[in-house]
Amino acid sequence: MSRRVTRTAAALLALGALAYTAWVLEVLVRTGLDPVRTYVSELAAADQPLGGLFRATDLAAGLLVLAGALTGLAGAWRASGGPESGSGGRTGQGPGAHGHARRDPWALGGWIALAVFGAATVADSRLPLSCAPTVDPVCAARETAGLVPATHAAHAVSSSLAMTGALAALVALTVAARRHDRRLPLARTGPVLVALELAATAWTLAAVAAFEAGKGIWALGAGQRLQVLLVAVWLAVLAYSLATDTREERR
């Protein structure tokens, strides 16, 4: 990528990571929801007093990450159209590589997956839950019986798509960073973040299955909050890696 494109992508992703952690405001404001037991998305439910605030921050996060991912994808695509570069020992087109290199499917696929994550997060904000099923038995019963609004039911689809895109991006862009330059922060810390994210996702999925089967909560809220926090941390590391790569190229 050019330095200007890389800096733009880094800034957008850093702001997106910040907006994606807006749910931590629940520590400062009274939401009435237990963070250990409830879904993060229940903060933005239509019947919650601060739902509008959290829907707005979700929308901002999704738009910023989507814009950053598309900027990164466009830059990587333009920069990878020529023959493989023999300079610097770089064998692939990483998240912030400059010049010409063979198109690295890990990098391109990772940027596409990150764009999917951003777009699905935007959809999430426009398709809120109508109520909070983990704390409202009537809501849970309506959800089980299929008596919730279409937006409520669609939220599960958009949320699943968002997390699938995030996981794919975490893996693919981390691999691309390691192929590009192992000195990058993402190349060094990415594998640990990916492993932690997979563990948090397994915890969350197991807790959701237990809740839907009527076998308890299994600290569902804690698992999901760890899951989304790790995505935000990874986005911040990606943004820092892009900025770092730009500084190295300038030197």
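Which residues in α5 meet which residues in α6? I found Met163, Leu167, Leu170, Val171, Leu173, Thr174, Ala177 and Arg178 in α5 against Leu186, Ala187, Gly190, Pro191, Leu193, Val194, Glu197, Leu198 and Thr201 in α6; contact means heavy atoms within 4.5 Å. The residues of this contact divide into 12 nonpolar, 3 polar and 2 charged.

I noted the sources. This is a predicted model, where local features need pLDDT of at least 70 and side-chain atom pairs count only at pLDDT 80 or more, while totals for chains, interfaces and linings use all residues. Residues are numbered from 1 along each chain as its sequence is written, and side-chain values use heavy atoms, with hydrogens and water left out.

Next I looked up the packing. The axes of α5 (residues 150-180) and α6 (residues 185-212) are 9 Å apart, at an angle of about 155°. That makes the two helices roughly antiparallel (angles over 145 degrees count as such).

Then I turned to salt bridges (a side-chain nitrogen of Lys or Arg within 4 Å of a carboxyl oxygen of Asp or Glu). The whole structure has 3 of them. In one, glutamate 26 meets arginine 225 at 2.7 Å, N to O. The two lie 199 residues apart, arginine 225 being in helix α7. Glutamate 26 is buried at 12% relative accessibility, and arginine 225 is buried at 5% (buried means under 20% relative accessible area, exposed over 50%, partly exposed in between, with a 1.4 Å probe and protein chains only).

Aspartate 181 pairs with arginine 183 at 2.8 Å. Aspartate 181 is buried at 10%, whereas arginine 183 is exposed at 56%.

Methods
Helices (H or I, at least four residues) and strands (E, at least two) are DSSP runs, numbered from the N terminus. Axes are lines fitted to C-alpha atoms, for helices over the stretch in contact, and angles run from 0 to 180 degrees between N-to-C directions. Angles under 35 degrees count as roughly parallel, over 145 as roughly antiparallel, 65 to 115 as roughly perpendicular and the rest as oblique. Ala, Val, Leu, Ile, Met, Phe, Trp, Tyr, Cys and Pro count as nonpolar, Asp, Glu, Lys and Arg as charged, and the others, Gly among them, as polar.
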